[in-house]
Amino acid sequence: MVRLISGRRRFGMQICCDESGGKEKNSFIVSAVRGDAGEIVRAVKKMKRAARINGEMHGFQLEMWQIERIFGVLGNHPEALAVSVACGREDLVGGFAMGALEEPDLWGEMVTESCLPLYDARVRIIVPDRPRYKASVCEVIQARIAVDIARRTGLPPVPVSWADSQRSPGVQIADVISNTVWRSRQNVPEAPRCRQLLEEAQARGQVTVRLLELVERRPEWIGQILAMQEG
């Protein structure tokens, strides 16, 4: 059974995830945001006031001045940490993944990779936005994410429950960050400013943007190329 949660329930420390772009586009971004549920609720209220938003924050609907104000509020909440995983057709691993993996598998791996650096013993739940795939596929991904994160961190597993983004403030922050990363990688007028905001957030240790690694699922030849590049 696919579980759906809302932001009205409190789970202490949580990791919330959302995406931008997709396999059918030139870039696919998944972002994870970790924070205390209550603190995230308060931060999003401030973000909406600062950006003059009524209702849900949707990254793709925001003007640049609104993104700037949201990142300004985010900077005043250093307890909220985020990791974005980017997959692009022009990237070595990303290009392979977009061609070789079905989108649900790719999405699940990207959620896992974005959560791994944020996952510790304080986390009580992982809350991705409800994906658009059919329920049977979602159930398989849901179980895989929980098992993979626990195995790769050596920590006990926690529940993975889909969110109603309208009621999940953490997912809305992840949505804005994902869309900002996506814009930063496009040929659009706001790309330089988006890159600057992300660089500033990374400099203060709050947001990390990294390329998809696909360590456990990439072919050996890709690992050899990456090793040569690092050497």
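Q: How do strands of a sheet pair in general, and in which sense do S2 and S3 pair here?
A: Strands of a sheet are held to one another by backbone hydrogen bonds, in a parallel or an antiparallel arrangement. In this predicted model, S2 and S3 are antiparallel partners, with nine bridges between them. A hairpin of five residues takes the chain from S2 to S3.

Q: Which way do S2 and S5 run, and how many bridges join them?
A: S2, which covers residues 13-21, runs parallel to S5, and four bridges join the two. Gln-14 sits opposite Ile-125 in S5, and Ile-15 sits opposite Ile-126 in S5. On the S3 side, Ile-15 has Arg-34 as its bridge partner.

Q: What is the strand order of the open sheet?
A: Reading across, the order is S5-S2-S3-S4-S7, which makes an open sheet of five strands with mixed pairing. S5 and S7 (207-211) are the edge strands, each pairing on one side only. From one strand to the next, the twist averages 20 degrees.

Q: Which helix packs on this sheet, and what does the helix touch?
A: That is H6, residues 169-184. Helix H6 touches S2, S3 (27-36), S4 (81-88), S5 and S7, and its direction makes about 40 degrees with that of S2.

Q: Why is S2 described as largely enclosed by the rest of the structure?
A: Burial is judged here by relative accessible area, with under 20% counting as buried. Nine of the nine residues of S2 are buried, so S2 is largely enclosed by the rest of the structure.

Q: Let's turn to helices. At what angle do the axes of H1 and H2 cross, and is the crossing left-handed or right-handed?
A: A helix pair can be read from the approach of the axes, the angle and the hand. The axes of H1 (residues 37-51) and H2 (residues 64-75) come within 9 Å and cross at roughly 145 degrees. Their crossing is right-handed.

Q: Which residues of H1 and H2 meet?
A: From H1 come Ala-43, Lys-46, Met-47, Ala-50 and Ala-51; from H2 come Trp-65, Gln-66, Arg-69, Ile-70, Val-73 and Leu-74. By type, the residues of this contact are eight nonpolar, one polar and two charged.

Q: How many aromatic pairs does a search of the whole structure find?
A: The search finds two. For each, read the distance between centres and the angle between planes. Trp-107 and Tyr-133 are 6.2 Å apart centre to centre, with 75 degrees between the planes, an edge-to-face pair.
A: Because Trp-107 lies in H4 and Trp-162 in S6 (residues 162-163), the pair ties together parts that are 55 residues apart in sequence. Taken together, ring pairs link Trp-107, Tyr-133 and Trp-162 into a cluster.

Definitions and conventions:
Residues are numbered from 1 along each chain as its sequence is written. This is a predicted model: local features need pLDDT of at least 70, side-chain atom pairs count only at pLDDT 80 or more; totals for chains, interfaces and linings use all residues. Side-chain values use heavy atoms; hydrogens and water are left out. Axes are lines fitted to C-alpha atoms, for helices over the stretch in contact, and angles run from 0 to 180 degrees between N-to-C directions. A crossing is left-handed if the near helix is turned anticlockwise from the far one by less than a right angle, and right-handed if clockwise. Contact means heavy atoms within 4.5 Å. Ala, Val, Leu, Ile, Met, Phe, Trp, Tyr, Cys and Pro count as nonpolar, Asp, Glu, Lys and Arg as charged, and the others, Gly among them, as polar. Rings of Phe, Tyr and Trp (its six-membered ring) pair if their centres lie within 6.5 Å; planes under 30 degrees apart count as stacked, over 60 as edge-to-face and the rest as tilted. Two strands pair if DSSP finds at least two bridges between them. Buried means under 20% relative accessible area, exposed over 50%, partly exposed in between (1.4 Å probe, protein chains only).
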